[in-house]
Amino acid sequence: MRIAVTGMGLVTALGWGVEASWAAIRAGRSGVRPIARFDTTGLRTRIAACVDLPEDLPGRPVSVAARTRRLGEAAIAEALAQAGHAGPFPGPLAIGLPPVEIEWHQRLDLGAADYPGMISAAEGRRDLYEELLFGATAAHLAERFGTRGVPQAVTTACASGASAIQLAIEAIRAGEAECAIAAGAEASLMPETLIRFSLLQALSTRNDPPEAASRPFTLSRDGFVMGDGAGALVLETEERARARGAAILGYVLGAGEAADTFHRTRSSPDGMAIVRAMERAIADAGLSPGEIGYINAHGTSTPENDKMESLACRLLFGERPPPISSTKSMIGHTLSAAGAIEAAVCLLALRDQVLPPTINQDDPDPEIGMDTVPVARPHAFRAALSNSFGFGGQNVCVVLGAA
Amino acid sequence: MRGVVVTGLGLASSQGEGRAAHAALLGGAPPVLDEARLAPFPIHPLPALPLDAAIPRREFRQMEAWQRLGVYGAGLAIADAGATPRVAEMDLVVAAGGGERDTALDTQILAARPGQVERHRMLMDGLRPTLFLAQLSNLLAGSISIVHGVARSSRTLMGEEIAGAEALRVAAQRIAAGRSALALTGGALSSDRPELLLLYGLGGQLARAPWRPLPARRGLALGAGAAFLVLEPEGAARPLARLAQVLTDQGAPEGRRARLAALLERTGAGPEAMLLSTASGAPEATQDELAVLPRAPDLFAADLLGHLVEAAFPMGVALGALAIAEGRARQVLVTGCGQWRGEAVALLEAP
């Protein structure tokens, strides 16, 4: 059974909507800019690939939960419109989402000096409760689009969007539904999360110029750049898509995963968990490694990731690996949404037979040993591999096919 | 589709650890309570467990109570199923909220009420770098992989109570569909969590002292514990119980009773099935659940152990599997409604 993609939606720092984001990616534009939604004075990192909203007020930005919901809603609505779905959606929603919690301006609004005071002041703030529960964002999106069953709010850190695709295709293959929405939405950019990533030394501190900060596969890469964004795919069986006359944009051919048991933030030095995840995804798609024409890298621009990912690719693909690029060089690392956004990017690349670039390749790291596509170019290919790896040893890969 | 059986349980709670300590609760037992620590909210406290002996020191230091408990419970389940040699091929589906904050640092900031820039400085200077990893939702699963070597796959679902039921359903469905041969699923909760009282308190869902049993209690009392189940295809050696059905649904609260009734109808449970409710005590959801059940439940898991949120439904199913393994029932129907959203039922049968 092949699973067709009949709708796509994207929100990235490069634009609202698939075509706006894709045109900017093809042109090699960066969406990284100085953070405006809070005061970055004294912070080591002061840039991000931001999706700001008119409601962002100085010192009172829209919360992570509320922004995630807005971006997710926009991406899913775009995907459903393209798929020609109006009214309640007859399948489940699987969505990669960040964990959320009450934020500092919301805590301070409660006007208390300690936890007992806050808990007492909190009583009856049903609005915040329904914004901040771990299941809230997915539930709101499920009710907005009338999806069936329990919405799966999956978190596998930076692999969440890919895990959502995997959960959705499993539901379809198991016959639970003929169609599903797979998505990811992310807006973790708030001061405390930025500081927490900063304390782990995971973020780039190349604040000037912002557009040069995310530079995967280069010698001077120094960390990832946080990004807001959302991606959504409408998935259905090929039979259902054809029967209802829907335009097929491409296929999700397979997915694979492997947990790394080595370390919380680092890959096993032999790269084998990443190799296993890629192998399983390619096997699940019924392909051989030689049939993969392009890899959309996890490519975070951290010294560790890009080294381990390219090592694993060379191990699996051998002497002549396919071209690899990291669109995170332009849209930043959209964390929980990355797997969904980058799957859509692969489908667009397959549609247009073009490779999206990795920008900022002016000092390539010779250790990478792969073609990192410094500028977008035409390319004939039928299948692409999208890699997603997360803290906690999460490795998930998805194989996308041309229509 | 093939049948699914429960072959291992990893249980820890305020009542102790392991199968025997929890089997002893099946006829009813008084709760272990601490009404002082987070007064006026009663909690079921974390018992003394040999967590530091079971978890290597390097890993132990990178976790807080929630992850330690979960890692401990997962280890008990793997050992109980005799699955230690097969962890590399084990699939993991965890249900999780978030981990502990540095509440002392939070309190300093609340007291000082600094402006943005000073607040950021206090966070930069005060936060322990590894606390982020102790707090991230998927790092319970990550820690289980690291400590126990569970390596085939690792997924974490968020969403309070219904996430626990959905994690179980996904794990069981993958086995039924032949995509998994060995799965570990469950969750954990620590009750000494002022941040969680804040979150659930926003919704007006907390019980105040004096504690009373359900259904008289209005509000939830947090429990401390871990509940993990090892699932395998039917035919596995030493099954404790057959997991005949796991059904979940979710929608607007107005439809809660109708959705739960439809799930109950689909299970095909007999009238003699033992009824085990995982009701939290959250007023509306608990009332709706009890209104739909054919009779009063034989057991409220939350009365014995406190409410375990993401781990509540896995704990209910684990207690049901114990009831079958102990010969107390031939069929157990486990029910639950999330404090805000989600409905779930599971049917267990003698293997």
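A residue counts as buried under 20% relative accessible area, as exposed over 50%, and as partly exposed in between (1.4 Å probe, protein chains only). The model is predicted, so that local features need pLDDT of at least 70 and side-chain atom pairs count only at pLDDT 80 or more, while totals for chains, interfaces and linings use all residues. Residues are numbered from 1 along each chain as its sequence is written, and side-chain values use heavy atoms, with hydrogens and water left out.

**Exercise 1.** Work out which parts of chain B are tied together by Arg86(B) and Glu232(B).

*Solution.* Begin with the side chains, which meet in a salt bridge at 3.0 Å, N to O (a side-chain nitrogen of Lys or Arg within 4 Å of a carboxyl oxygen of Asp or Glu). Finally, take the accessibility: Arg86(B) is partly exposed at 35%, whereas Glu232(B), at 6%, is buried.

**Exercise 2.** Describe the salt bridge between Arg221(A) and Asp306(A) and the surroundings of its partners.

*Solution.* The N to O distance is 3.6 Å. Arg221(A) belongs to the loop between helix 8 and strand 8 (229–237) of chain A and Asp306(A) to helix 11 (residues 303–317), so parts 85 residues apart in sequence are tied together. Arg221(A) is buried at 9%, and Asp306(A) is buried at 0%.

Key. Chains are lettered from A and ligands numbered from 1 in the order in which they are written. Helices (H or I, at least four residues) and strands (E, at least two) are DSSP runs, numbered from the N terminus.
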